[in-house]
Protein chains: 4
Amino acid sequence: MTATARLHGIFTPNIVPLDDRGQINESELRRYTSWLIERGVHGLYPNGSTGEFTRFSVEERRRIIEIMVDETRGRVPILAGAAEANVAETIDACEHYHRLGVRAVAIVSPFYYKLSPESVYAYFKTIGDNSPVDVTLYNIPMFASPIDVPTMTRLALECPRIAAIKDSSGDIPHMMRMIAAVRPHRPDFAFLTGWDAAVMPMLLIGCDGGTNATSGIVPELTRRLYDLTVGGRLDEARELQYKILRLFDAALYSADFPEGFRAALGLRGFRVGAGRQPMSDKQQVEIGTLRDTLACLLAEEGFADEPVGGCPADAAAKRPQDQIQSSTGGNVDSIVQGVIAELKRRGIA
Amino acid sequence: MTATARLHGIFTPNIVPLDDRGQINESELRRYTSWLIERGVHGLYPNGSTGEFTRFSVEERRRIIEIMVDETRGRVPILAGAAEANVAETIDACEHYHRLGVRAVAIVSPFYYKLSPESVYAYFKTIGDNSPVDVTLYNIPMFASPIDVPTMTRLALECPRIAAIKDSSGDIPHMMRMIAAVRPHRPDFAFLTGWDAAVMPMLLIGCDGGTNATSGIVPELTRRLYDLTVGGRLDEARELQYKILRLFDAALYSADFPEGFRAALGLRGFRVGAGRQPMSDKQQVEIGTLRDTLACLLAEEGFADEPVGGCPADAAAKRPQDQIQSSTGGNVDSIVQGVIAELKRRGIA
Amino acid sequence: MTATARLHGIFTPNIVPLDDRGQINESELRRYTSWLIERGVHGLYPNGSTGEFTRFSVEERRRIIEIMVDETRGRVPILAGAAEANVAETIDACEHYHRLGVRAVAIVSPFYYKLSPESVYAYFKTIGDNSPVDVTLYNIPMFASPIDVPTMTRLALECPRIAAIKDSSGDIPHMMRMIAAVRPHRPDFAFLTGWDAAVMPMLLIGCDGGTNATSGIVPELTRRLYDLTVGGRLDEARELQYKILRLFDAALYSADFPEGFRAALGLRGFRVGAGRQPMSDKQQVEIGTLRDTLACLLAEEGFADEPVGGCPADAAAKRPQDQIQSSTGGNVDSIVQGVIAELKRRGIA
Amino acid sequence: MTATARLHGIFTPNIVPLDDRGQINESELRRYTSWLIERGVHGLYPNGSTGEFTRFSVEERRRIIEIMVDETRGRVPILAGAAEANVAETIDACEHYHRLGVRAVAIVSPFYYKLSPESVYAYFKTIGDNSPVDVTLYNIPMFASPIDVPTMTRLALECPRIAAIKDSSGDIPHMMRMIAAVRPHRPDFAFLTGWDAAVMPMLLIGCDGGTNATSGIVPELTRRLYDLTVGGRLDEARELQYKILRLFDAALYSADFPEGFRAALGLRGFRVGAGRQPMSDKQQVEIGTLRDTLACLLAEEGFADEPVGGCPADAAAKRPQDQIQSSTGGNVDSIVQGVIAELKRRGIA
C-alpha cells in the first residue's frame, strides 16, 4: 500500500433494516446501500456499532456483509466489521470477508471484560499477524476496552496489516497524539473519527475521514462537510458542522443508541423495522416525540416532511440547549422542564 | 415456589478447562464439576463471567451446560448463564436449559451498549414474561449496563418468573436497598453477591448466598465461610473472609480477569489450558510471578505445594498492601516498586 | 498510646447552625453540642464535610472549634477538622487545636487538584512529622484525592502521630485491606467509617467506629446501632441499620449535601438557618418536599411531628426504592414520576 | 458592552513565583508579568488553577492581583480569579478587584462538594446579580462541579454581568453546543478554552481565545498560534499546535499539576521556588527527569539550553507516545518500561 492509498473520506456505519419478524430485510438493505452510494459517501462500514453487530448472530453478520458487497459491486470500498467471540473466530471472519473482496476489516477492541493495554495489544497483534486483509482498529472507550496511544503505536509499528484506526472517543488531542506518534513511521496509516460532532476540526488537525452515523441519515450533508473542509471553505463547513451537531445530539441523546438514528432513517423513507432491543411503553412515547424533533431538523434541509403538529418557528435556535446531555444524566432535566412547562401551560403549577 | 425454597448458598461460577487446541476439555470439565460438588458448593453457575461466556460460541455455551448437567446428575442445582445476542435467542436458551432441568438461568444485563434503566427494564421484562424457567438478574456494572434499584424492584414486582438477583457491584448499601425494596413483597426472591471480598458482611445484612469465583478455587473455604457466617461464628468467619480477600485480590488484580483464577485452578491440579484471550510475552512473565504468589497462598491452606523458590516468611502479612489496586491504575505501582527493589538488591539503584 | 486507647465509637460530624445574617449561631451551636453529648455520641467531629468547612473562613473554622471545645468541657473527645490552604497553615491549625486540648485532628486529602498517591503521601508525611497532636487521615474519594491502601500503609508505618483513618468510600473490602495491612503493625491505629449506610457491617469486619452525619440527626439511634453491633445483637442491629439507611438515603440523595441533613436537624428543633450555598426557587420547593419525607421518617421514631399533610401509611416500605439514586443521575427519575403522578391525580395526563 | 468588545485572545493563567520561605516573590512576579506582556499575550489571568489559587490565603490572593494590576499599568486586560469560600466573600472579592480596575473576574464552579446543575446555577446567579464587574464562568469538570450547557445558557440569558466562559474540559462539541445556545442571544459573550491541546481547532469552530498554561511558558508560540489560526494560515498553525501539544503533555502528565509548568518556567529564567504542595524524594527525582525533557523541548525553539546530558536526536519524534497518559493510569507504564529498559541495558533483565 502506498501513502496516497490510505483510507479517507466518509464511511457510513449503516443501520440494518429489519422486517416484521425482526429478520434482516434484504431488499431494504440493498436499497439503502445503493441510496447511500448514490448520495456520495466514500465507503460503507457494515457491522459497526450503529449496525448493532452484537445483536446479530454470527451467520447474520456474515450475511449482512455478503448482501452489501453484492449490492455495492465495487462502487465504493467496504470496511467490514469483523469482531467475533474470540481471536480464532475473528480471524476466520477476516478471511471470509477478504475472499468477498472488502477493502479492509474493522475490529473493535475487546469488550465486556475491561482489558489492560497489554491484553488489547496481544489481541490485536494476534489478529494483525494473521489477517489476510487490512485491519482497522476500532477504539470506542465508552463501550469497549480503550486502545491507548502507546498500544496503537506499538501495533502500527509492528503490524503492517494494521492500516488504520477508527476512533470514537471524540477527543481531538488524543487523535493528534496518535497522528504524531504514527504518521512519521507509517504514512499509509489512516485516522478516521467516529465522532460526528467533531468531523470538521478532526479533519483540520490531520484526520483522513470519518465513520459517522449521521452519514447514514444525511449522506448529502456529511459528504459536503468533508468536501468543504478539505477544500478550505471553512465558514461554510463550520455552519454545516453545527447543523450536523444538532442532528447528532438529537439522535444520540434522546434515545438509547442507535434507536434515534433508526427513527431518523425511517423519516428518510426506509422501512427500518423495530430494533432488537425491546422498548418500554414509556420509550415508545419518547421515540415518537424524538421522531417529531428529527422530522423538523430534516425538514429544514428538505429531507423530510414536517410532522403533523408542525415545527416551532425557532426550532433551530432552541434545539441545542434542550437536547444535550445534562451532567446529571441524560436529558432528564429537559424532560422535567417539559412536564413542568406543560403544567404551567394548563394553569396548574 | 415457596419462601423457604429461595436460592441460597454458594454457587460456583466455574472456569471452563480448554485443551491444547483451545477447545472445551470435556473430561477435565466433568472432573472439575464433580470435584466442586464433592467439596461442598451448594450449586454451579456455568457461563458466568468467570466462565468467559462471551468468548465461546452459541453452540459451545450450550455444550458446557449439557456436559455439566449430565455430570451433576441432580446432586446440586445449576444456575445456567443464558445471555445470548438478543432477547429472542436468549429466550431460546432459557427454553433449552429448562428442558435440561436447570434450577434457574442467570442473565447479565445488556452489555457493549450502555443502556438506560428503561431499556434494561424492557429487556428483562420481555425475558421474564417469556422464560419457562426462573430467571436470575445479573448486575455487574463494571462490565454491563447497571440494573438500578428501581428497575430491579419493578421487575421483581411485575415478573414472578424473575426470582433472584446476582449482584457483583460489591456495594453493601446497594444490596440493602434492593432487599428493603423487594423482600417484603417477594419473600421467595433471592439475593446473591458476586463479590467474594464481602461475602460475610453481605450475608450478615441479609443476602442469601453468593456466586463467587474463589469458590471455584477453594470450595472448601468458601463453603466454610458460608457455614460459619450463617452459624453465627463470626470471629472464625471474619478470619476466613480476610483469607479469601487475599486470594481474591491476588487473583483479580494481578492479571486480566479471569486469568488469575485460571492460574490458581491449575495449582489445584486441573489442566485448564491457555485462555482464549491471547497474552503478550510480558503477561506470560507476569502470570508466572502471580502463579508463585497464588501457590504460596494456597500452600498455607495445604491446597498446593510451595513454588520452587519458596515463599516469603511473612507472605501473609505482606500480601494485601502489595497487591491491591492503586488508585492510579492497576498494580503498576507495586510492579515499579518491585523492579526498583530488585535493582537495589543487586546493588544497582 | 496503647492499643486499648485507640479511637472508637461514633464521632458526630456536626452541622454549624447559622443565624439570619449567615453567621455562626454560637448559642445554637452550644445547645446542639450538648444535646449530642447527652444523647450518647462518643465524640464530636467539627469542621468535617457535614460541617461545610470549605464554606467558612480560616477564622470561622477556628472559632467553631473553640466554641465546641469550651462547651464540651472534656465530656467527650473532639476530632477537629484542621485542613487549611496548604501544609504550613494546616500545621498551624494542628498546633492551635492541640493547645485547645482536642483528642486528635482530622485532615482531608488534598482537594481541587487531583493528586497522585505520591503527592498525597508527601502531603500527609509533612503534616504527620510536624503535628503535635494525633492525626486522622480523611479519605473521601468522591470529593478529594483518594488515599489508597499502599499510601495509607506507608503513612501508618512511618508516622506514629498518624493514628487513625476516617474512610468515607463506603467500600468494605477497601476497609478490610487497610486493616489487614496496618493493624498487625499498629494496634493503636483506628479505623472509622464515614459511610452511615454500612456502619454495622463495617464494625463487624473490624472497624472501630464511625463519623456519621446521621448521628448528628438521630444520635440515639446511631449510638444504639453501635452498642447492638459490638454487643452481638445482630438481628436488632440489622433492623436499625436498615432504618438508618433509609434516613441517610433520603437526606443524602434528595438535595445537595449537606442540605438534607440541615433540614433534618431543623426538624429536631434546632434553628439551623439557611446554608451558605444559595438555593434556586426550584430547590426551595424540593427541600420542602424532602422536609416532609424526613419528618415522616423521624416521626416513626418519635423524633418529630408528622408534617401537616400526614404521612403515607406505607411510607416505610415505599421510601427506599423511590429515593435512591438512579443510575442515570440523581433522583430525577422519581421527580419526573412524581410530577407525572400528580398530573394523573388531577386527571390531566 | 458591544459585540466587538468581547474578550478575545490568549490570557495567561500565571504561576506565582515563591521565595525561599515559600512566600510570594513580588519582584519575580513583577518581572514575570512584564515579560509575558512583552511577549505578546493578550491578557493575564492571575489566581487560576495554574496559579494555585487554593494554596494561597485570602490575603495572598488579593495581593497577587494588586501586584499584577500595578505592574501591568493597563497594558493588557486582567481577568482576576475571584473564587472565595462562599458567595458573600466571592462578591467582596469581585468588588475589590473591580475597584482595582480589572477587566473581568473569573470564578470557578463550586468545588469539593459535587453540586447539582441547579446549585451551580444558584451560585453563579447570586454572584452575577451582585458583581459590579464582568464575570467569567470557569468550567473545569476534572476539578470542580461541572457547568453544563443548560446551566450556562440560563446564566448567560439571565445575567448581563456574566460575559464569558472559560472552559477547560477540552471537549470541542461541548464548546460548540454552548456557542450555538448563547451566541445568537448574547453576541458580546466570549468563549475561551483552557485546554492548550486544542486551541487551534477551538478557535476554528468559533472560540474567542484561550486561557492556557503553556502561554505562561512559551508566550511567543501561543500568541503566534492564535495569530496564525485567526489569520487562516492553517498549515503553519497546525504544526505549531502539535508542538504546543508536546510541551503541554510533557508538563501536564509527568508531574502533578502545575509542577511541570513550574519546572518549565524555571527553565525560562525565572526563580519560581518550590511549590507549596510537598514532594516526596521519588517525585524530586522524577521532576529532575521531567526538567531535562522540557529543556530539550524548549531548546528546539531556542528558549532554553539543552540539559547537561544532551537531548536525544529523535526527541521530537519520540516524545508524544512516551509521555501521554496511559489508560491504566498516568505514565506509570512508561516508568515501568523505562526501569526495565535500564535493567536490560545493564545486562540484568
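What volume does the largest cavity have? It comes to about 790 Å³, in a predicted model where local features need pLDDT of at least 70, side-chain atom pairs count only at pLDDT 80 or more, and totals for chains, interfaces and linings use all residues. Side-chain values use heavy atoms, without hydrogens or water; residues are numbered from 1 along each chain as its sequence is written, and chains are lettered from A in the order in which they are written.

A cavity here is a set of points on a 1 Å grid over the protein atoms alone where a 1.4 Å probe fits but cannot get out, and lining residues have an atom within 4 Å of a point. Of the 45 residues lining the largest cavity, C:Thr54, C:Phe111, D:Thr54, D:Ala85 and D:Phe111 are the closest to its centre. By class, that lining holds 25 nonpolar, ten polar and ten charged residues.

Now turn to where chain D meets chain A. Each of chain D and chain A brings 34 residues to the contact (heavy atoms within 4.5 Å). Two salt bridges are counted between chain D and chain A (a side-chain nitrogen of Lys or Arg within 4 Å of a carboxyl oxygen of Asp or Glu). One salt bridge joins the side chains of A:Asp249 and D:Arg177, at 2.5 Å from N to O. On chain D, the side touching chain A has 23 nonpolar, seven polar and four charged residues, with Gly counted among the polar ones.

Key
1 Å grid on protein atoms, 1.4 Å probe; cavity = no way out; pocket = protein on both sides within 12 Å on 5 of 7 lines; lining within 4 Å. Points joined across faces, edges and corners; volume = space filled by probe spheres on them.
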